[in-house]
Amino acid sequence: MRFSLIIEIARALMTARIKQTLVAAVGVTFSITMFIALLGFMNGLNDLLDGLILNRTAHVRFYNDIKPNEQQPLDLSEEFKDWFNVIRSIKPTVSRVSIYNNEAIIRTLQADKRVLGVAPKIAVQGFFNVGNVDLPAVLNGIAVEEEDRLFAFSDYVVAGDFMDLKYSANSIILGKGAADKMMADLGDYVQLTTAQGNRVLLKVVGYYQSGIGELDNLQSYVSLNTAQKMIGETSSYVTDIQVKLYDFNLSPGLAREYSSIFGIDADDIQTVNAQFETGSQIRSLISYAVGITLLVVSGFGIYNILNMMIYEKMDTIAILKAIGFSGSDVRYIFITIALVIGFVGGLLGLIFGFIACLGIEQIPFETEALPTIKTFPVDFSPKYYLIGGVFSLITTYFAGFFPSQKASSVDPVEIIRGK
Amino acid sequence: MEKKKVIEAQKINKFFFSPTKTQVLREVSFSVNKGEFVSVMGKSGCGKSTLLYILSTMDTDYEGKLFLDDQLITGQSSEKLSRLRNEKIGFVFQFHYLIHEFSVLENVMIPGLKLNRKSREELEYIALEKLKVFEMQDHALKKANQLSGGQKQRVSIARALMNDPLIIMSDEPTGNLDKKNSDLVFGIFRELVVEFQQTMLMVTHDLELAAKTDRTIEMEDGRIISA
């Protein structure tokens with residue numbers, strides 16, 4: 001009853017000054033709309049740019065690095081054990097690039113609960129022979145289905161069917177840049193010489209375009225079997241094991257753990273691609289800052305309008321106090337007004353923000369670099385709506401707090417006698 | 001039989017500090033008994049209004065003691081004083097001070113809604129009854145600002161009566177009204193005292209009006225010169 005009376009009085013005061021109240025609410029609506037649209041758009045873009053690298057990168061990659069042996073013969077010698085040895089011009093040892101006992105490693109990884117999937121890969125260096133010109137090439141022998149499941153391979157195959165890579169022998173999906181240079185159409189054959197000197201003829205079944213030009217000039221894809229055949233290795237030959245986790249934040253730990261168990265090198269995504277994290281964090285920080293600035297500005301609008309309302313309604317406040325309303329009752333009335341403005345304005349802002357996001361999502365955005373993107377990307381995560389809603393209430397509460405404090409301390413005697 | 005004291009002031013001193021320290025009330029002591037119609041009279045500036053606002057509990061900055069219904073109310077918290085005002089004191093001011101955003105009926109109901117002891121339906125009924133006393137029931141659903149001055153003052157008296165207060169205080173209730181309306185309002189006061197044994201305290205500078213009350217307290221320069 002007490003609160004319903006306060007709400008009733010608040011409503012009456014608001015309807016008496018409906019235009020000002022609406023202006024205040026529109027201010028909140030506008031800032032929340034901008035907040036949602038800005039964050040949705042900014043984070044959509046963030047996700048897209050991050051995804052460009054992160055979606056296609058293994059969270060953990062196991063491989064054998066080519067490097068000089070840390071224990072040189074001199075160090076092992078008993079005779080020079082206590083000496084300070086300086087050896088110049090050390091060369092890397094001839095170590096195998098293939099991963100020893102990789103099937104067991106893959107099985108162990110697949111059994112791990114943190115792991116979403118495992119895809120083996122073979123990197124093959126070579127040259128395309130086009131007439132009398134040799135174009136450098138890096139061929140990735142991939143497990144086609146796993147590669148697609150974990151790294152959205154098919155998204156980047158812009159022509160042809162990526163599954164042909166698996167079904168037809170000696171087939172290749174060419175990087176778009178390389179294909180353009182060789183003028184190789186789908187169904188054409190290209191000749192390739194591997195670094196080991198083997199020559200193979202490969203049938204072009206598709207183009208691959210990642211959006212990163214340098215990559216597209218160099219990288220092409222063949223199936224795991226084709227790659228093994230090309231370099232004359234058995235089907236147990238694998239140079240890389242790519243692992244994708246459910247939560248990529250676990251990657252550094254998992255990389256360290258298995259690297260020591262298996263005795264092979266491991267890279268994790270966070271160490272290799274730390275700059276992407278930083279970039280997107282700063283971008284969202286900026287959009288939060290802009291959004292919150294907008295809200296604070298609209299908070300000042302509410303502050304002004306409530307202040308004006310209190311000046312105009314001094315008589316009402318005085319009479320309410322004379323007939324027995326306490327200071328805190330009066331304060332609740334004005335805070336209620338502020339919160340109603342915040343709630344209604346905020347809710348409309350969330351709705352308009354959502355509509356604005358839908359609008360942004362319709363704007364065409366086509367670029368050579370991003371073959372899968374046709375319109376602007378927008379992130380519809382409920383997180384932003386929650387933050388926007390909560391912030392609209394918090395700012396309006398504070399905007400209402402000080403004027404209501406003033407209203408509660410109005411001295412009725414002064415007003416009533418002052419006439 | 002000694003009558004019950006509704007309100008009693010003991011040695012009230014009051015100072016104004018701006019622009020300079022001046023004493024507006026000097027050792028004011030008096031009491032009002034139940035069912036009495038008392039007027040406080042004096043020239044403007046004699047401190048009679050100041051006294052009324054101290055008695056009303058709205059002004060708490062004074063020296064001395066104040067009893068309402070035999071309870072010491074000097075030094076109570078403002079929350080408690082608000083509740084006391086709501087329950088036990090009715091006000092009628094020179095200006096009508098209705099809340100323009102509300103209808104006449106709602107204006108009358110507000111003190112009852114605030115007291116929160118009865119249901120809304122009951123309060124609506126009581127408010128209508130109070131309005132009937134002043135023949136204002138036909139205007140119950142009008143907005144407060146659609147009434148004439150005399151009508152507004154009648155509504156504000158009805159509002160003062162809403163919680164059946166111990167005492168009604170009024171500050172120049174007819175000061176802003178023409179002769180006809182002022183007679184009407186005073187007639188209502190008289191009626192309330194006679195028929196409902198309502199205790200009344202009225203501040204006025206009008207000698208004629210003061211003469212018609214049960215007892216007149218005359219003030220000059222912050223002192224009571226005759227009670």
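## Two chains in a predicted model

Chain B has seven helices and 10 strands, where helices (H or I, at least four residues) and strands (E, at least two) are DSSP runs, numbered from the N terminus. This is a predicted model, in which local features need pLDDT of at least 70 and side-chain atom pairs count only at pLDDT 80 or more, while totals for chains, interfaces and linings use all residues. Residues are numbered from 1 along each chain as its sequence is written, and chains are lettered from A and ligands numbered from 1 in the order in which they are written.

The secondary structure of chain A comes to 16 helices and 10 strands. Its radius of gyration is 33 Å, well over the 22 Å that the globule rule gives for 419 residues, so chain A is more spread out than a compact globule. Here the radius is taken over C-alpha atoms, and the rule is 2.2 Å times the number of residues to the power 0.38. For chain B, with 227 residues, a compact globule would have a radius of gyration near 17 Å, and the value of 17 Å for this chain agrees with that.

The table sets out some values for each chain; a residue is buried if 20 or more other C-beta atoms lie within 10 Å of its own, exposed if 12 or fewer, and partly exposed in between, with C-beta atoms placed from the backbone.

| Chain | C-alpha box along the principal axes | Buried residues |
|---|---|---|
| Chain A | roughly 105 × 65 × 40 Å | 38% of 419 residues |

Two residues are in contact if their C-beta atoms, placed from the backbone, lie within 7 Å. Among contacts in chain A between residues at least 6 apart in sequence, 79% join residues at least 24 apart; in chain B, residues 24 or more positions apart account for 70% of the contacts with a separation of 6 or more.

### Annotated segments of chain A

An unreviewed UniProt entry places the feature "transmembrane region" at residues 21-42, 285-311, 332-356 and 384-402 of chain A. UniProt positions are given in the numbering used here, feature names are shortened, and annotations may be inferred rather than shown by experiment. In the model, residues 21-42 of chain A are 100% helix and 0% strand, with end C-alpha atoms 31 Å apart. Residues 332-356 of chain A are likewise 100% helix and 0% strand, and there the end C-alpha atoms are 34 Å apart.

### The sheets of chain B

Two strands pair if DSSP finds at least two bridges between them. Four strands of chain B form an open sheet in the order β2-β1-β4-β5, with antiparallel pairing. The strands β2 (22-33) and β5 (71-72) of chain B stand at the edges, each with a single partner strand, so one side of each is left without a neighbour in the sheet. Within this sheet, five bridges join β1 (residues 5-16) to β4 (residues 63-68) of chain B, which run antiparallel, and E8(B) has F67(B) in β4(B) as its bridge partner. Helix α1(B) lies across β1, β2 and β4 of chain B and runs at about 120° to β1(B); axes are lines fitted to C-alpha atoms, for helices over the stretch in contact, and angles run from 0 to 180 degrees between N-to-C directions.

Six strands of chain B form another open sheet, in the order β6-β7-β8-β3-β9-β10, and the pairing is mixed. Its edge strands are β6 and β10 (223-226) of chain B, each of which pairs on one side only. Strand β7 (residues 167-171) of chain B has five of its five residues buried, so it is largely enclosed by the rest of the structure. In a regular strand the side chains alternate between the two faces of the sheet.

Four bridges join β6 (residues 89-92) of chain B to β7(B) in a parallel run, with G90(B) opposite I168(B). Strand β7(B) also pairs with β8 (residues 199-204) of chain B in the parallel sense over five bridges, and M169(B) stands opposite L201(B) in β8(B). By contrast, β9 (residues 215-220) of chain B and β10(B) pair in the antiparallel sense over three bridges.

### Where the chains touch

The contact takes 22 residues from chain B and 21 residues from chain A. On the side of chain B that touches chain A, the elements giving two or more residues are α1 (48-55), α2 (78-88) and α3 (104-115) of chain B, and the largest share, six residues, comes from α2(B).
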